[in-house]
Amino acid sequence: METIGDRIKYLRKDMLHKTQKEFGDCIGLKPNSVSDIESGKNNPTRQTIKAICREFEINQEWLYSGQKPIQAPFNPDDR
């Protein structure tokens with residue numbers, strides 16, 4: 001997984017088993033926006049990255065660089 005779009009697609013499909021619509025509903029995006037991010041047409045905004053990390057407890061460094069761990073430790077201040 002070389003790009004942030006690849007990692008988001010992996011998260012959505014392989015880890016969460018969600019459609020683009022289901023995933024988008026969780027973070028406030030339309031399915032076509034999720035598709036554009038996954039395909040590399042658009043980059044996710046910082047707000048989108050934060051929403052993904054908060055909603056699914058994902059490590060922000062993993063989204064940006066692919067550096068593990070994928071899951072972030074729970075931080076109640078992030079809610």
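The legends below describe close-up views of a predicted model. Residues are numbered from 1 along each chain as its sequence is written, and the model is predicted, so that local features need pLDDT of at least 70, side-chain atom pairs count only at pLDDT 80 or more, and totals for chains, interfaces and linings use all residues. Side-chain values use heavy atoms, with hydrogens and water left out.

**View 1. The largest nonpolar core has 17 residues.** A nonpolar core is a set of buried Ala, Val, Leu, Ile, Met, Phe, Trp, Tyr and Cys residues joined through side-chain atoms within 4.5 Å. Buried means under 20% relative accessible area, exposed over 50%, and partly exposed in between (1.4 Å probe, protein chains only). Ile8, Phe23, Ile27, Ile52, Ile58 and Leu63 have the most contacts inside this core. Two or more residues each come from α1 (4-15), α2 (20-27), α3 (31-39), α4 (46-56) and α5 (60-65). Of these elements, α4 gives the most, with five residues. Helices (H or I, at least four residues) and strands (E, at least two) are DSSP runs, numbered from the N terminus. In soluble globular proteins, nonpolar side chains tend to be buried together.

**View 2. Surroundings of isoleucine 8.** Leaving aside residues up to four places away in sequence, isoleucine 8 touches Phe23, Ile37, Glu38, Pro44, Ile52 and Leu63. Contact means heavy atoms within 4.5 Å. Isoleucine 8 is also listed with Phe23, Ile52 and Leu63 among the residues with the most contacts inside the largest nonpolar core.

**View 3. Packing of α2 with α4.** The two helix axes come within 9 Å and cross at roughly 95°. Axes are lines fitted to C-alpha atoms, for helices over the stretch in contact, and angles run from 0 to 180 degrees between N-to-C directions. Angles under 35 degrees count as roughly parallel, over 145 as roughly antiparallel, 65 to 115 as roughly perpendicular and the rest as oblique. α2 and α4 are therefore roughly perpendicular to each other. Phe23, Cys26 and Ile27 of α2 make the contact with Thr48, Ala51, Ile52, Glu55 and Phe56 of α4. By class, this contact has six nonpolar, one polar and one charged residues. Ala, Val, Leu, Ile, Met, Phe, Trp, Tyr, Cys and Pro count as nonpolar, Asp, Glu, Lys and Arg as charged, and the others, Gly among them, as polar.

**View 4. Threonine 48 in helix α4.** Threonine 48 counts as buried, at 9% relative accessibility. Not counting residues up to four places away in sequence, threonine 48 touches Ile27, Leu29 and Ile37.

**View 5. Packing of α2 with α3.** The axes of α2 and α3 are 8 Å apart, and the helices pack at an angle of about 100°. α2 and α3 are therefore roughly perpendicular to each other. From α2, Gln20, Lys21, Phe23 and Gly24 meet Pro31, Val34, Ser35 and Glu38 of α3. The contact has three nonpolar, three polar and two charged residues by class. In α3, the buried residues are Val34, Asp36, Ile37 and Glu38, and these pack against α1, α2 and α4. Just after α3, glycine 40 takes a positive phi of about 90°.

**View 6. The two salt bridges found in a search of the whole structure.** A salt bridge is a side-chain nitrogen of Lys or Arg within 4 Å of a carboxyl oxygen of Asp or Glu. One joins the side chains of glutamate 38 and arginine 12 (2.5 Å, N to O). Glutamate 38 lies in helix α3 and arginine 12 in helix α1, so this pair ties together parts that are 26 residues apart in sequence. Both glutamate 38 and arginine 12 are buried. Another joins aspartate 25 and lysine 21, with the closest N and O atoms 3.0 Å apart. Aspartate 25 and lysine 21 both lie in helix α2, four residues apart, about one turn of the helix. Aspartate 25 counts as exposed at 51% relative accessibility, and lysine 21 as partly exposed at 48%.

**View 7. Backbone geometry at histidine 17, glutamate 57 and proline 69.** Histidine 17, in the loop between α1 and α2, has a positive phi of about 55° although it is not a glycine. Histidine 17 counts as exposed, at 62% relative accessibility. Glutamate 57, in the loop between α4 and α5, has a positive phi of about 55° and is likewise not a glycine. Glutamate 57 is partly exposed, with a relative accessible area of 32%. Lysine 68 and proline 69 are joined by a cis peptide bond, with omega about 10°. Proline 69 lies in the segment after α5.
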